[in-house]
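Try each task before reading its solution.

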Amino acid sequence: MNATSDLTHARKILDSFSGVTPKVPASETEAEELRQAIRLMTTRSESENLGVCADNSSQGYRVLAHYLEALGYAVPFAIAEIESVDTPVYIKFNTAKMSHYLDAYEGNYRGVLIACQSEEEEINGTYGHFPLNLFGSP
């Protein structure tokens, strides 16, 4: 495959997992294909915003750390030092600034959104909700 067809295939995979109804990979093979598609799109983008919808702050920051590590980023926070919130949360992380914030979340979704920013139009977009456990145990 060439770079364009790889990108088109990755985008198709990400789009199939994006939408109002979260989708869970049906097999480990499908999960690995999704992980590879996410990695390809994020390596081709200039920056990403990750949005984590989780049951509490501890779970949310663990998931965020797994995703960041899987995408090749250093984790700029210590989970033990994060404020403990035992209600649903939304965490937004900006890879350009390596900054994050935590907010209360009243929605029903649980998962990770990834918004890619790039000069390449086919990369731009918001993808997900991806499973919390895609890159490690939440």
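**Exercise 1: a hairpin**

Task: In the hairpin of strand 2 and strand 3, which residue takes a positive phi?

Solution. The model is a predicted one. Start at the link: this hairpin has 4 residues between the strands. Met98 takes the positive phi, near 55 degrees. Next, look at the pairing. Strand 2 and strand 3 (residues 99–104) run antiparallel, with 6 bridges.

**Exercise 2: the nonpolar core**

Task: Find which residues have the most contacts inside the largest nonpolar core, and which helix gives the most to this core.

Solution. Begin with the count: the largest nonpolar core holds 36 residues. Ile38, Leu64, Tyr67 and Phe130 have the most contacts within it. Now trace the suppliers. Elements that each provide at least two residues include helix 1 (3–16), helix 2 (28–44), strand 1 (47–54) and helix 3 (57–70). Helix 3 gives the most, with 7 residues. Finish with Ile38. Beyond four places in sequence, Ile38 touches Leu14, Leu71, Ile114, Phe130, Leu134 and Phe135.

**Exercise 3: a charged residue**

Task: Is Glu48 buried or exposed, and with which side chain does its own side chain make a polar contact?

Solution. Locate Glu48 first: it sits in strand 1. Glu48 is buried. Then look for a partner of opposite charge. The nearest such side chain is Arg44, 11 Å away. A salt bridge needs the charged atoms within 4 Å, and Glu48 has none. Its side chain does make a polar contact with the side chain of Tyr73, at 2.6 Å. Last, survey the surroundings. Beyond four places in sequence, the contacts of Glu48 include Thr42, Phe93, Ile114 and Cys116.

Terms used:
Residues are numbered from 1 along each chain as its sequence is written. This is a predicted model: local features need pLDDT of at least 70, side-chain atom pairs count only at pLDDT 80 or more; totals for chains, interfaces and linings use all residues. Side-chain values use heavy atoms; hydrogens and water are left out. A nonpolar core is a set of buried Ala, Val, Leu, Ile, Met, Phe, Trp, Tyr and Cys residues joined through side-chain atoms within 4.5 Å. Buried means under 20% relative accessible area, exposed over 50%, partly exposed in between (1.4 Å probe, protein chains only). Contact means heavy atoms within 4.5 Å. Two strands pair if DSSP finds at least two bridges between them. Lys and Arg count as positive and Asp and Glu as negative; His and the chain ends are not counted. A polar contact is a pair of N or O atoms within 3.5 Å; within protein, one must be able to donate a hydrogen and the other to accept it, and residues adjacent in sequence count only if both atoms are side-chain atoms.
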